[in-house]
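Dear colleague,

Here is the structure I am handing over to you. Please look through it first; my notes on it follow below.

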Amino acid sequence: MSKPIYTSVAEAEAAFYDALARSDLDAMMTVWSEDDEVVCVHPDTPRLVGLAAVRESWRQLFASGTRLQVRTSHHVVCQNMLLTIHNVIEHVTVEGEDRLPPPMIATNVYTRGALGWRLVMHHASPAPENPHAPAHGTSHVMH
């Protein structure tokens, strides 16, 4: 099976969240770069480095039978010709549950190569109580 070529970051990100919603491991891994330096941090878990570790983490998540629907909002984008960083608020719902969990803050990093755009990092963590309020005393300068 050949990997699809994602001609835009939007295509790659849509494929990522679609694979997540369908618990489709093969589709999820088509989005990821095949470089050994890929990184994934699921909420409240250790950092995973390398394609084998990332694949195994998604396999375990999908094998649990939990079906997730994720809607993103509050996109912050930093991009150039070869690298794009998306920081989003993820609103996650679990299929079959009425309870709405608190949102997650996620950062997705994509690189462009010969096979189009690919994910090299996904980092998600729980949002604070008020995810839109700046922390007291923090700088608003990006560096």
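A salt bridge is a side-chain nitrogen of Lys or Arg within 4 Å of a carboxyl oxygen of Asp or Glu. The model is a predicted one, in which local features need pLDDT of at least 70 and side-chain atom pairs count only at pLDDT 80 or more, while totals for chains, interfaces and linings use all residues. Residues are numbered from 1 along each chain as its sequence is written, and side-chain values use heavy atoms, with hydrogens and water left out.

Salt bridges

The whole structure holds 5 salt bridges. One of them joins the side chains of E34 and K3, at 3.4 Å from N to O. E34 lies in the loop between α2 (25-31) and β1, and K3 in the segment before α1 (9-22), so this pair ties together parts 31 residues apart in sequence. Helices (H or I, at least four residues) and strands (E, at least two) are DSSP runs, numbered from the N terminus. E34 is exposed at 56% relative accessibility, whereas K3 is partly exposed at 23%. The cut-offs are under 20% relative accessible area for buried and over 50% for exposed, with partly exposed in between (1.4 Å probe, protein chains only).

R59 and E56 form another salt bridge, at 2.6 Å from N to O. Both residues lie in helix α3 (residues 51-63), 3 residues apart, about one turn of the helix. Salt bridges with shared partners also join D18, R22 and D24 into one network. Within it, the side chains of D24 and R22 meet at 2.9 Å, N to O.

Strand β4

H86 is placed in strand β4. Is H86 buried or exposed? H86 is buried, because its relative accessible area is 11%. Its side chain makes a polar contact with the side chain of E13 at 2.9 Å. A polar contact is a pair of N or O atoms within 3.5 Å; within protein, one must be able to donate a hydrogen and the other to accept it, and residues adjacent in sequence count only if both atoms are side-chain atoms.

Backbone angles

Most residues other than glycine have a negative phi. D44, which is not a glycine, has a positive phi near 60 degrees. D44 sits in the loop between β1 (39-41) and β2 (48-49), and at 71% relative accessibility it is exposed. H74 is not a glycine either, and its phi is positive at about 50 degrees. H74 belongs to strand β3 (residues 68-79) and is partly exposed at 49% relative accessibility.

Regards
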